[in-house]
Amino acid sequence: MARDIGAFVASVRGYMRGVVPEFMVPAAFVVLDEFPLTANGKLDRAALPDPDFTTSTGRAPRTPAEEILCGLFADVLGVPEVGVEDSFFDLGGHSLLATRLVSRVRSAFGAELGVRALFEAPTVSGLARVLAGAGQARAALEPMARPERLPLSFSQNRLWFLNRLEGPSATYNVPLVVRLTGPLDQGALQEALADVVVRHESLRTVFRDYDGTPYQNILDGEEARTTLATRAVTEAGLDEAVASAVRYAFDLALEIPLHAELLALGTEEHVLVLVLHHIASDGWSLEPLWRDVVTAYEARLRGAAPGWRALPVQYADYTLWQRTVLADSVAPQLDYWKGTLAGLPERMELPTDRPYPAVASYRGGSFTFQWDTDLHHGLARLAREAGASVFMVVHAALAALLARSGAGEDIAIGSPIAGRTDEALDDLVGFFVNTLVLRTDVSGDPTFRELLARVREVDLEAYAHQDVPFEHLVEVLNPERTLAHHPLFQTMLAWQKAFELELPGLQADGGLAATGTARMDLVFSITEHRTSAGRPTGLAGVVEFSTDVFDQNTVEALTERLGRLLTAVAADPDMPVSDIELLDERERELVVSGWNDTVREVPGLSL
């Protein structure tokens with residue numbers, strides 16, 4: 001509902017800007033269910049709520065550029081947060097502050113803008129388009145004419161090939177586990193899941209091949225109807241039941257890429273396990289998926305079908321758009337990646353507990369960690385000072401940690417980017433995420449602030465060239481082929497999006513679940529948590545690691561050192577990276593005294 005209100009307010013504000021001068025556009029809009037009236041039926045002006053001139057409205061940042069601009073706007077204006085559709089001038093900006101903001105934008109993005117640009121595009125979203133819009137804009141994503149056989153997207157092609165090569169497995173499962181407390185209507189939930197499958201073509205697609213070439217075969221709603229398998233479990237057996245459910249192995253040629261199980265602990269205690277295959281979804285898909293489940297369940301409780309707005313496009317439209325419109329931008333961007341990744345080592349030489357096997361087993365372990373509110377505040381403050389994002393601060397810290405841990409000075413880290421570069425994709429379930437190779441030079445013993453500046457430049461350049469599918473990049477660069485490790489990088493840093501779990505009449509708690517697999521050596525997945533006003537409240541993380549090469553205690557120690565490094569640089573970012581203390585007291589004692597204890601008793605004999 002808040003999302004719809006924000007969009008409505010943004011549309012009204014946009015309309016006003018088209019009919020009156022900027023200074024006459026109201027500074028705040030208040031949406032009411034109804035107007036308060038006096039006993040005589042007239043408007044009760046005294047009962048109208050006071051407008052909030054500081055609360056932002058509209059959608060969250062969709063791109064890294066928008067995220068950085070939101071921080072710059074807020075910093076210059078001295079407000080806690082700014083939404084992407086909030087006007088700089090609505091929030092108290094004026095020409096002097098506009099000059100300061102333009103200067104900050106110039107430093108952060110290396111782009112020259114006049115103050116006029118801010119007056120003509122006074123919102124974060126508008127200014128982001130100006131920054132990215134040099135030259136002709138590409139065609140927007142719209143419904144496309146469907147060929148007889150729908151091709152797969154570039155990312156889907158790789159997963160289809162791996163599925164054929166290795167057979168069905170849980171390696172590319174995307175699970176969502178939700179504990180539901182209260183009176184659950186299982187029939188309504190079953191119907192709601194069926195509604196969601198009908199709504200998203202990606203969830204009712206099977207993957208067939210013709211003469212060895214895969215294609216998408218979209219089933220009709222009745223043929224694709226999902227079954228909610230229900231079984232009773234005890235609290236003691238719950239973890240094992242969840243672990244079994246999330247390791248479901250899909251036959252992509254015959255089964256839709258959604259599997260649902262309901263584990264019944266009692267009449268008012270259930271655990272819903274939804275498992276999607278990555279070929280039809282990604283981490284960013286879970287929010288629109290759950291939002292649609294909620295909408296459909298609420299409608300089915302009333303005995304009605306969900307009355308949602310039709311999706312503007314489907315995933316098949318995206319795959320065709322990717323191969324036509326996006327293809328035009330790939331060639332020049334590919335030149336950038338060829339130059340940037342030239343001479344990249346075949347594998348990061350990070351010390352491991354065991355040698356790499358000839359063929360990776362994809363078996364993995366995982367654990368969680370937390371960074372508290374104080375550290376989050378410090379990282380946000382450092383990011384704002386550097387014209388960067390919190391992700392960039394953590395990226396710089398991880399690069400420094402890997403270098404200090406023996407991985408060398410040429411650090412390549414993979415990072416998924418949402419890939420939803422067109423607004424029409426916001427509410428779709430599908431595999432849009434692309435993977436960027438972020439290569440950082442850690443040489444020369446930089447201070448952390450200097451390293452952060454390098455990382456910010458690396459990341460911004462990567463974001464500007466994100467249209468090249470990772471799979472295509474691997475084909476073109478053609479690194480040494482091996483089944484032992486992931487190509488181009490073996491460590492990933494993923495920034496996850498937090499969203500609220502709810503279901504009408506029930507308490508809903510949960511999130512992602514471990515599948516016992518690992519796609520590469522190390523994956524650090526981090527979720528930022530903030531208040532509604534945008535204030536940092538901490539970061540939650542999950543580390544997934546390959547048990548082929550790492551023991552859990554090794555990776556836990558590495559993660560603890562990452563936290564210590566971040567704490568140190570939040571307090572003093574001008575410290576040289578080589579001077580940052582990474583070891584805890586026990587480890588330091590071991591290094592200083594334990595390993596250097598060379599005292600030996602000498603026999604009392606004459607020489």
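Helix 6 makes the greatest contribution to the lining of the second largest pocket, supplying eight residues. Helices (H or I, at least four residues) and strands (E, at least two) are DSSP runs numbered from the N terminus. The model is predicted, with local features requiring pLDDT of at least 70 and side-chain atom pairs pLDDT 80 or more, whereas totals for chains, interfaces and linings use all residues. Residues are numbered from 1 along each chain as its sequence is written, and side-chain values use heavy atoms, without hydrogens or water.

The protein contains 17 helices and 13 strands. Of its 607 residues, 48% are buried (under 20% relative accessible area, with exposed meaning over 50% and partly exposed in between; 1.4 Å probe, protein chains only). Among contacts (heavy atoms within 4.5 Å) between residues at least 6 apart in sequence, 76% join residues at least 24 apart.

The second largest pocket holds about 810 Å³ of space. On a 1 Å grid over the protein atoms alone, a pocket is an open set of points with protein on both sides within 12 Å along at least five of seven lines; a cavity is a set where a 1.4 Å probe fits but cannot get out, and lining residues have an atom within 4 Å of a point. Points are joined across faces, edges and corners, and a volume is the space filled by probe spheres set on them. The lining of this pocket comprises 34 residues, with Arg158, Phe161, Leu162, Arg481 and Pro487 nearest the centre. At least two lining residues come from each of helix 6 (154–166) and helix 15 (470–477). Domain 3 (150–302) and domain 4 (362–418 + 445–499 + 512–591) each provide at least three, the bounds being taken from an automatic or database domain assignment. By class, 18 of the lining residues are nonpolar, six polar and 10 charged (nonpolar: Ala, Val, Leu, Ile, Met, Phe, Trp, Tyr, Cys and Pro; charged: Asp, Glu, Lys and Arg; polar: the others, Gly among them).

Three cavities of 30 Å³ or more are present in the structure. The largest cavity contains about 140 Å³ of space. Its lining consists of 15 residues, and those nearest the centre are Tyr318, Gln322, Phe432, Asn434 and Gln466. Helix 10 (residues 315–324) accounts for the largest share of this lining, three residues. The lining of the largest cavity has seven nonpolar residues, seven polar and one charged.

About 70 Å³ of space is found in the second largest cavity. Leu159, Leu162, Asn163, Glu166, Gly167, Ser169, Thr171, Tyr172 and His277 line this cavity; four residues, the largest share, belong to helix 6. Three of the residues lining the second largest cavity are nonpolar, five polar and one charged.

Helix 9 (residues 286–301) has 16 residues and spans 22 Å from its first C-alpha to its last, close to the expected 22 Å (1.5 Å times one less than the number of residues). Its buried residues are Leu286, Pro288, Leu289, Trp290, Asp292, Val293, Val294, Ala296, Tyr297 and Ala299. Among the elements covering them are strand 1 (173–181), helix 7 (186–199) and strand 6 (269–277). Gly303, which follows helix 9, has a positive phi near 80°.

Lys42 lies in the loop between helix 1 (2–19) and helix 2 (64–77). Lys42 counts as exposed because its relative accessibility is 60%. Apart from neighbours within four places in sequence, Lys42 contacts Pro36 and Leu37.
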